[in-house]
Amino acid sequence: MELINAINRRRSARKFLPKSPEKDQILPIMEAARFAHSIANRQVLRYSVILNKVKSRHINDYVNLSINNGTNHDNDEPAPPPAYIICSGPEGDNPSLYADVGTAFQNMSLAAMTEKLSMCFITEFDPNQVQSQ
């Protein structure tokens, strides 16, 4: 029953505090991604974790969160996400890849809740610009 309650409470965050998560908070999230279902056990997803605030700000320039990025509680200016976990797979329009990404994200978002962190699934971004960062 605790899992159902966690699923019901899970939300996508679009307002961020400026503090970056600690590495020991990220590791369980990445472990949860590793244990996500993968169609035919292909395990084709790869992950990049960006905790560096400067790199996160650069990536934020090429990401569309669909609404204002939130508020920095110190001076009421937009606060970009302080960290990114980028999930990538082989190129192409393979429906299995979408399923793999979905299960990985669900696992990661539930694990983030246990670490008192929030996540947002971002699909609109410039991959060439993000890769160059």
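1. In what order do the elements of the chain run from the N terminus on? They run α-α-β-α-β-α-α, with 5 helices and 2 strands in the chain. Helices (H or I, at least four residues) and strands (E, at least two) are DSSP runs, numbered from the N terminus.

2. This is a predicted model, in which local features need pLDDT of at least 70 and side-chain atom pairs count only at pLDDT 80 or more, while totals for chains, interfaces and linings use all residues. Residues are numbered from 1 along each chain as its sequence is written, and side-chain values use heavy atoms, with hydrogens and water left out.

3. The chain has 133 residues, and 30% of them are buried. Buried means under 20% relative accessible area, exposed over 50%, and partly exposed in between (1.4 Å probe, protein chains only). The accessible surface of the chain is about 9,000 Å², with 52% of it belonging to carbon and sulfur atoms. Such areas come from the Shrake-Rupley method with a 1.4 Å probe; for residues, only the protein chains shown count as cover.

4. Contact means heavy atoms within 4.5 Å.

5. Helix α4 has 20 residues. From its first C-alpha to its last, α4 reaches 30 Å, close to the 28 Å expected at 1.5 Å a residue. The expected span is 1.5 Å times one less than the number of residues in the helix. The buried residues in α4 are L97, D100, A104, F105, M108, S109, L110, A111 and A112. Their cover includes α1 (2-9), α2, β1 and β2.

6. Rolling a probe the size of a water molecule over the atoms shows where empty space is left. Here the search uses a 1 Å grid over the protein atoms alone: a cavity is a set of points where a 1.4 Å probe fits but cannot get out, and a pocket is an open set with protein on both sides within 12 Å along at least five of seven lines. Lining residues have an atom within 4 Å of a point. Grid points are joined across faces, edges and corners, and a volume is the space filled by probe spheres set on the points.

7. The largest pocket has a volume of about 1,600 Å³. It is lined by 49 residues, and the closest to its centre are Y84, I85, I86, C87 and I122. Two or more lining residues come from each of α2 (23-34), β1 (46-50), α3 (53-60), β2 (84-88), α4 (95-114) and α5 (127-132). The largest share, 7 residues, comes from α4. By class, the lining has 34 nonpolar, 10 polar and 5 charged residues. Ala, Val, Leu, Ile, Met, Phe, Trp, Tyr, Cys and Pro count as nonpolar, Asp, Glu, Lys and Arg as charged, and the others, Gly among them, as polar.

8. The second largest pocket has a volume of about 150 Å³. Its lining is R10, R11, S12, A13, S109, A112, M113, K116, L117, S118 and M119. These divide into 5 nonpolar, 3 polar and 3 charged residues.

9. Is S56 buried or exposed? S56, which is in helix α3, counts as buried because its relative accessible area is 1%. Leaving out residues up to four places away in sequence, S56 touches I50, P81, P82, A83 and Y84.

10. V63 lies in the loop between α3 and β2. With a relative accessible area of 16%, V63 is buried. V63 and F125 are 62 residues apart in sequence, but their C-alpha atoms are 4.4 Å apart in space. Residues up to four places away in sequence not counted, V63 touches Y84, I122, E124 and F125.

11. V44 is in the loop between α2 and β1. Its contacts, neighbours within four places in sequence aside, are S88, G89, P90, L97 and D100. V44 and V101 are 57 residues apart in sequence and 9.8 Å apart in space, C-alpha to C-alpha.

12. A40, in the loop between α2 and β1, has a phi near 60°, a positive value in a residue other than glycine. A40 counts as exposed because its relative accessibility is 69%. Phi of K116 is also near 60° and positive. K116 is found in the loop between α4 and α5 and is exposed, at 76% relative accessible area.
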